[in-house]
Amino acid sequence: MITSQAGQQPADFTDVRATNLAVVLRYIRANAPCSRATIAASTGLNKATVSSLVAELIDRRLLRETGLTENRIGRPATMLVLDGAAYAAIGLEVNTDHLTVVAIDLAGERLLSWRRAFAGRRSSPARAVTAVAALARRAVTKVLAEGREVLGLTVGVAGLVGAGGVVRLAPNLGWRDVKLRDALVQALDEPDYPVEVENEANLAARAEFRYGADAGVANLVYLNGQAGVGAGIIADGQLLRGGLGYSGEIGHVRVQPDGPVCGCGRRGCLEAVAGIRALVARVGTGPDPEDLEPEVEDIVRRARSHEPVVVTALREVGEYLGHAVALLSNVVNPQVVVLGGYFVPLGPWLMSAAESGLRAGSVAPDAGGCRLTASALGQVAAAIGGAASILDAVDAGTLPVPTRTRPPVRASIGTS
Ligand SMILES: [Zn+2]
């Protein structure tokens with residue numbers, strides 16, 4: 001919490017106020033319902049300041065008063081809760097076989113969650129932009145029709161995403177140097193909300209950190225199991241992006257010197273050996289499929305009936321994952337590694353081998369306290385993370401300003 005920086009230099013009043021607005025908002029997110037007096041007592045802000053901050057947050061439609069009162073001696077207090085229903089953050093994930101979009105309001109309510117099959121490997125970047133923009137536009141239209149405002153759109157891509165939303169390399173999509181953010185802004189006719197592009201595993205890690213079963217665990221790694229394998233790393237409560245944003249590409253660690261050729265052009269990378277496409281190529285029944293989901297369902301069904309080829313293949317995938325998780329454990333000492341994507345439905349057959357690999361490969365006793373778990377957010381984790389990254393920014397003090405007249409919220413339906 002920051003009030004004012006006494007001494008040294010004059011505090012920037014606008015910055016201090018924005019920071020304090022965020023302090024109150026975060027406090028209420030964690031402790032609602034609560035009164036102005038409680039907020040003042042708990043944050044150290046004085047009561048007059050809290051009243052003024054709360055008035056502004058109500059004005060911005062981020063808080064609302066409830067009829068509840070605090071059960072205490074003296075004058076009953078009006079209780080405050082998060083509102084946030086007026087705003088929606090949209091996250092969208094581009095993968096090799098599907099697009100996923102979710103919208104979440106500021107109070108964490110999931111407003112929509114759609115998944116579309118998408119032939120990513122056969123789509124040029126231009127066709128992908130058209131498909132992504134069409135899905136984003138549908139989500140935006142629905143959110144607006146419900147009388148909400150769009151805080152932003154964040155798109156996750158399985159690849160190296162550099163500054164300005166440029167996808168430098170997405171091996172499994174076959175993209176190189178695609179200016180995805182600019183192309184989407186253009187395809188969406190320069191919308192009045194921000195559009196960002198980020199690595200999908202980074203977004204999924206943010207989703208786990210905000211909404212997952214291990215939310216708030218300060219050292220958390222998300223390991224995504226799609227056609228490729230990638231990690232999103234939260235270290236000391238912050239996303240570890242690295243110099244250019246390329247951290248976490250553990251899928252391209254070589255695990256078999258003479259192994260199969262990877263989408264990145266090298267040989268024997270983890271994802272070429274233990275990624276989902278590699279698994280399907282090894283035990284699948286048909287030709288190289290576009291959509292991995294039915295293939296994974298088939299593998300699960302065969303694993304349940306103890307088909308030896310499938311059970312062995314899954315155990316070996318688990319061993320390679322264990323090797324990768326041990327590398328992560330030795331380098332960043334996570335408290336938890338969350339397996340995501342298709343590793344979730346396959347978890348029952350690969351988890352125990354992965355855990356053994358983690359323990360065998362970690363130099364620290366007890367794997368440095370690292371637990372291995374399967375994501376409870378499922379296949380939509382990266383899309384949720386796209387929305388979460390926007391909501392994280394609000395919590396950090398980038399507060400939305402309503403552009404519509406208020407109240408009532410519903411009055412503006414159909415006018416946009
Ligand atoms: Zn590779």
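This is a predicted model: local features need pLDDT of at least 70, side-chain atom pairs count only at pLDDT 80 or more; totals for chains, interfaces and linings use all residues.
Residues are numbered from 1 along each chain as its sequence is written, and side-chain values use heavy atoms, with hydrogens and water left out.

Let me begin with the helices, where helices (H or I, at least four residues) and strands (E, at least two) are DSSP runs numbered from the N terminus. The axes of helix 9, residues 292-304, and helix 11, residues 343-361, come within 10 Å and cross at roughly 30°; these axes are lines fitted to C-alpha atoms over the stretch in contact, and the angles run from 0 to 180 degrees between N-to-C directions. Helix 9 and helix 11 are therefore roughly parallel to each other, since angles under 35 degrees count as roughly parallel, over 145 as roughly antiparallel, 65 to 115 as roughly perpendicular and the rest as oblique. On the side of helix 9 the contact (heavy atoms within 4.5 Å) is made by Val 296, Ile 299, Val 300, Ala 303 and Arg 304, and on the side of helix 11 by Pro 345, Leu 346 and Trp 349.

Next comes Ser 375, which is found in the loop between strand 16 (371-374) and helix 12 (381-395). Is this residue, Ser 375, buried or exposed? At 5% relative accessibility Ser 375 counts as buried, where buried means under 20% relative accessible area, exposed over 50% and partly exposed in between, with a 1.4 Å probe and protein chains only. The side chains of Ser 375 and Glu 208 are joined by a polar contact of 2.5 Å, and the side chain of Ser 375 also reaches the backbone nitrogen of Leu 377 at 2.9 Å. A polar contact is a pair of N or O atoms within 3.5 Å; within protein, one must be able to donate a hydrogen and the other to accept it, and residues adjacent in sequence count only if both atoms are side-chain atoms.

Finally, Ile 58 in helix 3 (residues 47-59) is partly exposed, with a relative accessible area of 27%, and, not counting residues up to four places away in sequence, Ile 58 touches Arg 36, Leu 63, Glu 65 and Leu 80. Lys 179, found in strand 10 (residues 175-179), is exposed at 55% relative accessible area.
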